Each structure stands twice: as structure tokens, then as C-alpha cells.
Amino acid sequence: MSTKIITAIYSDLNGTELGGRPNRGSHYRYSLLSLLKMTDADFLCYTSDREIESLKEFFYSQNNISENQLKFQVFDLENCKFKDLINSRKNVDDIKRGDRCIEIQYSKFSWWWNEDKSYDNYYWVDAGLSHCGLIPLKYLDEQHHSMRRFYESRLFNNDFLKNVIEDTGDKFLLFGKENDRNYWSGTVDPKWYVNYDRSIHIIGGMFGGHRDKWDNIVTTFENYAQSVLGSDNGLPHEEQIMTLMYFNHQDLFYRKHFDIWWCRDNAPQGTSDELFKNNKSFFKILEEFNRIYE
């Protein structure tokens with residue numbers, strides 16, 4: 001079965017009216033290079049006209065990635081689907097100081113409408129997902145003596161991809177983090193929930209499934225976004241809307257669960273071993289998709 005992975009790299013948005021994480025240029029590139037070991041998938045990466053040529057140089061020329069496997073497409077985030085609602089809610093000073101881009105978050109879903117649905121399966125995967133802040137040292141490739149060693153992981157491979165598709169089945173894959181004992185995020189107003197529940201926070205780093213599922217999922221997300229932004233103050237992250245979707249439509253989803261982001265190797269100094277005994281780290285999901293059970 002054919003698979004397409006959609007992602008994005010906009011690494012120069014920090015301090016602008018769009019907002020974004022600082023110093024992520026190398027992170028996103030080396031991480032995506034690691035993800036590209038899933039050679040059974042084709043990749044599409046949205047980016048800006050400012051970055052596209054340097055990205056082509058990095059991937060095609062410096063690292064010999066095939067243009068057939070990885071394609072780049074310029075998209076102006078100023079023209080995202082919900083730009084008017086976003087701009088009406090945006091506090092520009094806060095955005096300039098922040099590290100998240102709402103336009104990218106919402107476009108993860110609206111970019112779906114650009115697809116011709118010629119692939120069997122589609123997954124969104126954040127370009128920066130493969131890094132030492134999430135993955136234990138034993139799964140990182142230390143043969144590299146450059147920054148690449150902090151991002152290159154053997155956990156992303158064709159078996160991983162095959163098992164993701166197999167386990168997702170006829171549902172839509174989501175990752176959910178425990179949000180009570182290990183609080184991570186607030187929610188949209190409880191009035192939007194059929195039965196309010198904040199115990200799980202859905203993350204936006206990876207999701208997807210068969211092409212037949214995407215229209216409904218994207219329409220549902222966009223309808224909630226339109227309703228929430230059109231009614232409430234503030235500017236919720238895509239993950240807050242995804243969490244609302246999950247709890248109101250659980251029958252649509254296959255959820256992989258984790259409790260904490262850290263693993264033992266990257267936890268803050270002084271973190272107790274007890275934390276890891278009682279909580280499932282994010283990387284355990286990657287192990288499960290590799291059929292590694294330790």
C-alpha cells in the first residue's frame with residue numbers, strides 16, 4: 001500500500017508576527033533526514049520561498065535524497081485558511097515572544113485539501129519529531145560526529161511505517177498524553193464537549209490513516225475551529241481542538257497513549273527513577289511500532 005507523509009519546515013519565524021521556535025534550522029533538517037529512512041513513503045514538505053533553495057541544497061545535494069521521495073512546496077502562511085479568524089484573535093506581541101505558529105498548526109489539516117488522494121495512506125509527521133529530547137541514547141546513531149548524531153534514530157524505518165499502518169487499521173491514528181497526574185495543557189471551553197474530560201491531551205506531532213478517513217477528520221477539525229474561534233476569546237492550539245475532537249468522537253480514532261515526554265537519558269537533573277517506573281515515556285510508542293518490548 002502506498003503512503004505519503006506530509007510535514008513542514010519554517011525555521012525562521014521566531015520573533016515575527018507568525019511566531020515559531022528559535023534555532024530550529026538544523027534540528028528540523030537533521031530530524032527530517034532521520035524520518036526519511038521510511039523509504040516506503042513519499043514525503044511532501046511545505047516551506048517558505050525564503051528557505052526552499054537551501055532545503056533543496058541540504059537534502060538533494062548534500063545528503064543525496066531523491067527528489068522523487070521528498071518534494072518541497074512553497075506555501076505562504078499569511079494566506080492560511082483561517083487567517084481572518086486567527087488575525088482577529090492574535091495578540092501580536094505575545095506571538096512574537098512565543099514559540100508556536102498557529103498558522104502551521106491549523107494548516108496541518110487544511111493542507112489535506114491540496115491532495116489528489118492517490119496514495120492509500122496519509123500521515124502528518126512533524127519534521128522535528130526525531131531528536132535526543134525524546135529518544136534514548138541507545139536508539140541514536142552516534143557514528144555521526146556532527147549535529148546529526150542528536151537526531152538520527154533507527155526507530156524510524158520501514159517496519160515502523162508498516163506497523164503504524166497495520167495498527168491504525170480502519171481508524172485514524174492519534175497520540176494522547178496523560179494530562180492529570182502529568183499536566184501538560186488546558187482545554188477549550190468545556191461547553192464544547194459532549195462530556196467534558198481533560199484527562200488526555202492529544203498531540204499534533206503525528207496523526208493520520210487511510211485516505212478515506214481524512215475528509216471527515218479534516219472537516220470535523222475545521223468545523224470546530226470555526227465555531228471555537230468564532231465564539232470564544234483566545235487562540236487555541238490545534239492540539240486543544242484535536243483533544244476536543246477525540247473526546248467527542250472517540251469511535252473514529254485509534255489512540256496511542258503515553259504519560260511523560262522524557263526518557264531517563266534526557267530528564268532534568270534530580271528526576272527520580274520512580275517517575276519512569278510509574279509513567280510511560282513517549283519513546284515507548286516508537287518502540288511499540290518497532291515491536292520492541294523491553
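Analyst: On a 1 Å grid over the protein atoms alone, a pocket is an open set of points where a 1.4 Å probe fits, with protein on both sides within 12 Å along at least five of seven lines; lining residues have an atom within 4 Å of a point. This is a predicted model, in which local features need pLDDT of at least 70 and side-chain atom pairs pLDDT 80 or more, while totals for chains, interfaces and linings use all residues. Residues are numbered from 1 along each chain, and side-chain values use heavy atoms, without hydrogens and water.

User: How much space lies in the largest pocket, and which residues are closest to its centre?

Analyst: Rolling a probe the size of a water molecule over the atoms shows where empty space is left. Here the largest pocket holds about 1000 Å³. Its lining has 41 residues, and Arg21, Arg24, Tyr28, Arg100 and Asp126 are the closest to its centre.

User: Is aspartate 259 buried or exposed?

Analyst: Buried means under 20% relative accessible area, exposed over 50%, and partly exposed in between (1.4 Å probe, protein chains only). Aspartate 259 is buried, at 8%, whereas arginine 181 is exposed, at 54%. Lysine 108 is buried, at 7%, and aspartate 126 is partly exposed, at 25%.

Key
Grid points are joined across faces, edges and corners, and a volume is the space filled by probe spheres set on the points.
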